[in-house]
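This report walks through the pockets, the cavities and the ring contacts of one structure. Please look over the sequence and the 3D view before reading on.

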Amino acid sequence: MKSIFIISALMIFNFGSAHANGIGISSLSLAEKSRENIILDGVSVKYGTGIQAIKLSKNLKNIDNLYLYGGLGYHPSYDVTYLGSTFNGPVVGKAIGLGVTSKIFSRGNYTLEYETEFSVHSFESNNLRGAVRGQMARVRSNGQMNSFSISSVFKKNTQKGISFGARIGANYWDMTSLGVTYIDNLKITKNANGNNLDPIVGAFMKFDFHKVNAEFSYNLKKISADNTGYIDQIKLIVKF
């Protein structure tokens with residue numbers, strides 16, 4: 001994940017150069033969380049991440065929009081349920097994504113596009129504290145969610161600089177998680193892995209007026225693991 005830091009640094013220090021080359025620069029705030037614990041290989045995993053990122057985008061000849069984002073997140077006091085107990089502590093999140101959108105057809109105020117995106121979201125904590133059966137314990141936990149999605153996007157433009165629409169598609173996900181619990185001289189390690197192809201649906205609204213260009217979107221991802229779960233995702237993009 002070192003590439004995240006490299007990408008972020010290039011984005012921050014090359015704003016002027018990027019604009020000169022027709023590259024759009026945006027702020028991306030992203031949060032996603034599973035409604036219930038995801039069970040992988042019989043292990044219950046609580047998934048959630050929040051990041052603040054920089055997004056670069058560029059219009060190309062045969063592709064309407066190519067974009068790339070990278071960023072970090074931090075939660076100082078995150079709760080995790082593990083081994084039947086609740087642990088609390090700081091968690092660091094990282095994210096990177098690459099995507100393409102392209103117009104299929106447009107008629108009047110209506111547009112149909114397709115979007116494909118590959119993303120890697122990860123989380124890590126080395127100091128979650130709690131108690132197991134009355135004994136103080138420390139948990140080291142990390143996990144990663146890789147996603148590749150393809151969606152059809154329906155959009156309607158209005159005369160007031162506002163557009164809104166919906167998306168429907170398929171999302172291939174691959175999740176890994178590792179938890180290590182230390183209780184006195186005892187070390188308990190649990191691994192969880194899983195993947196599947198599931199549907200994704202969402203809705204969005206864009207604003208473009210008074211020098212403000214922003215997009216708010218909500219996506220719902222189904223996760224078919226040992227159990228069936230859902231991930232809620234919220235995005236806010238503000239263009240510089």
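By class, five nonpolar, six polar and two charged residues make up the lining of the second largest pocket, where Ala, Val, Leu, Ile, Met, Phe, Trp, Tyr, Cys and Pro count as nonpolar, Asp, Glu, Lys and Arg as charged, and the others, Gly among them, as polar. The model is a predicted one, in which local features need pLDDT of at least 70 and side-chain atom pairs count only at pLDDT 80 or more, while totals for chains, interfaces and linings use all residues. Residues are numbered from 1 along each chain as its sequence is written, and side-chain values use heavy atoms, with hydrogens and water left out.

**Pockets**

The second largest pocket holds about 180 Å³ of space, and of the 13 residues that line this pocket, Gly48, Thr49, Gly50, His75 and Tyr78 lie nearest its centre. Two or more lining residues come from each of β1 (23-34), β4, β5 (65-82) and β6 (85-107), and β5 provides the largest share, four residues. Strands (E, at least two residues) and helices (H or I, at least four) are DSSP runs numbered from the N terminus.

The largest pocket has a volume of about 1100 Å³ and a lining of 49 residues, of which Lys55, Asn65, Thr101, Lys206 and Glu215 are nearest its centre. Strand β8 (residues 135-157) gives the most to this lining, with seven residues, and by class the lining of the largest pocket divides into 13 nonpolar, 21 polar and 15 charged residues. Lys55 also lies over the face of Tyr67, at 4.5 Å from the ring centre; a charge sits over a ring if NZ of Lys or CZ of Arg is within 6 Å of the ring centre and within 35 degrees of the ring normal.

On a 1 Å grid over the protein atoms alone, a pocket is an open set of points with protein on both sides within 12 Å along at least five of seven lines, a cavity is a set where a 1.4 Å probe fits but cannot get out, and lining residues have an atom within 4 Å of a point.

**Cavities**

The structure holds two cavities of 30 Å³ or more.

| Cavity | Volume | Lining by class |
|---|---|---|
| Largest cavity | about 230 Å³ | 12 nonpolar, eight polar, two charged residues |
| Second largest cavity | about 50 Å³ | five nonpolar, four polar, two charged residues |

Among the 22 residues that line the largest cavity, Val45, Val80, Phe123, Ser141 and Ser177 are the closest to its centre, and β5 gives the most to this lining, with four residues. The lining of the second largest cavity includes Glu32, Tyr47, His121 and Trp173.

**The aromatic pair**

Which rings form the aromatic pair, and how are their planes set? There is one aromatic pair in the structure: the ring centres of Tyr47 and Phe123 are 6.2 Å apart and the planes stand at 65°, so the pair is edge-to-face. Rings of Phe, Tyr and Trp (its six-membered ring) pair if their centres lie within 6.5 Å, with planes under 30 degrees apart counted as stacked, over 60 as edge-to-face and the rest as tilted. This pair links distant parts of the chain, with Tyr47 in the loop between β3 (43-45) and β4 (48-58) and Phe123 in strand β7 (residues 110-132), 76 residues apart. Tyr47 counts as buried at 1% relative accessibility, and Phe123 is buried with a relative accessible area of 11%, where buried means under 20%, exposed over 50% and partly exposed in between (1.4 Å probe, protein chains only).

Terms used
Points joined across faces, edges and corners; volume = space filled by probe spheres on them.
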